[in-house]
Amino acid sequence: MKKNVKRVLALLLAGAMTLSLAACGDSGTGDGDGKNDGQTDQKEQDSKGGTEDTPSGEKTQITFWHIIPEGSDGYDSLNELIMNFNNVQDKYEITHVGYPFLDYFSKMTTAFAGDVAPDVFMYTMDDVPTRAAAGTIANLTPYMEADGYDTSDLYEAEVAAGVYDGNQYALPMSSTCRVLWYNLDLFKDAGLSEEDVPTTWEELYDVAHKMDIVEDGVIKQLGFDPTAGEANYHQFLWQAGLDYFDAEGNPLLDQEPQKEVLQWMVDFNKDYPASQLQAFTDAGKVLAADGFLSGQLAMMVANDQKYAALKYANVDFEYGCVPMPVPAEGGVRSNWSSCWSLEAFNTKDEAKIKGAWEFIKYMLEPENMEAFYNSQGWLTASKTANENLRTDDIMNVIIDEIAYSREKTYFDFAPKWHEDWNQFMELAKTGTPVEEVLAQAQQFYLEKKVNFESTN
């Protein structure tokens, strides 16, 4: 097994980048240094919607917030893209500010509460209904219909995630997917080849355990961990043709098929105590963000940003990616997306909302989406732009898989249900019987649903 010790510094840097890029499953490049803090008060004042007429000959001022702070990689390219919008038309002028990812959501929450949100902003696509139902964001449908706007160049599942009550409130700005990354050197060390990279859950189990190495009770190398990285229970349910909730939001966690999927996850590395697995995970983080980057984990589920992290770390092993394996019987090719949206704040100022819409349209043009990728490294919401990003076999796999990704369904009684699940996953990982874990989870979501319905 090749050692990466001499690249510890690079791996640490790549690990930090991965944590930043993969946040929300999708990506931020903020450096967290607060370089823009001095501008915050003025920007927040400028962003408040108003109804005053714009003086004749002057452009309507439109504010845009994002997560690319000044001074971070790609900021200058994004600024150039935005300034071009200001130059190609004479009705609107965009001023923009980027906040570090870890600060962004608190800034937005404060801005929403104070009615000083920016006219147009980035946000997470899967909780658009929260803002639409509250009247926080503007309904884009009238503007789309007036312009005859065609969404066919955008990924259907992500466009659908921006719909609330039959109207479009947000459009996707980025796209992402989850794939299975593999370390080909570890395959070869185990007498395997690229032809042995698994396509089914059954193959995944068999191949993974051929690469496990345990010495004196310590896991030195692991084939795969279905509870690590971005491998999620709800994603495995989708691949088995199942779901977490039914269409009415009733949890399905007490069903036998759902129990079988969780049991499969728990049993995958049942020969190793939870403490042993945790120690292996912690050891990987000493060198990098995870065991795959450190060269100790043979296969890992992660999103497209793993490619950037691997290249940044200049790892000394050969790697690749494939679609996530699915059950041999009844398997469904599916993975989890988690993209960024573009949304317009409901200022009730027609000129500002129209300006926000014009800017959204501009940003979603394929050539501008491609320019955005070149500045940030995020896969775009544009099919046309992504086709131009097919630079190698890995990018081909990633871009192909976007068509099989889906956003998690939104339920108003549990808008963060996938995060709520983490507490139950921890119980299962540490030995609580699957039946008991899922019974607790079932009751938890039922109570949330009943409580919400009784007060709304």
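Modeller: Helices (H or I, at least four residues) are DSSP runs, numbered from the N terminus. An axis is a line fitted to C-alpha atoms, for helices over the stretch in contact, and angles run from 0 to 180 degrees between N-to-C directions. The model is predicted: local features need pLDDT of at least 70, and side-chain atom pairs count only at pLDDT 80 or more, whereas totals for chains, interfaces and linings use all residues. Residues are numbered from 1 along each chain as its sequence is written, and side-chain values use heavy atoms, with hydrogens and water left out.

Biologist: How are α11 and α20 oriented to each other?

Modeller: The axes of α11 (residues 256-267) and α20 (residues 434-455) come within 10 Å and cross at roughly 125°. Angles under 35 degrees count as roughly parallel, over 145 as roughly antiparallel, 65 to 115 as roughly perpendicular and the rest as oblique. The two helices, α11 and α20, are therefore oblique.

Biologist: Is Ala-309 buried or exposed?

Modeller: Ala-309 lies in helix α13 (residues 305-313). Buried means under 20% relative accessible area, exposed over 50%, and partly exposed in between (1.4 Å probe, protein chains only). Because its relative accessibility is 0%, Ala-309 counts as buried.

Biologist: What separates the C-alpha atoms of Ala-309 and Ala-289?

Modeller: Along the chain, Ala-309 and Ala-289 are 20 residues apart. Their C-alpha atoms are separated by 9.6 Å.
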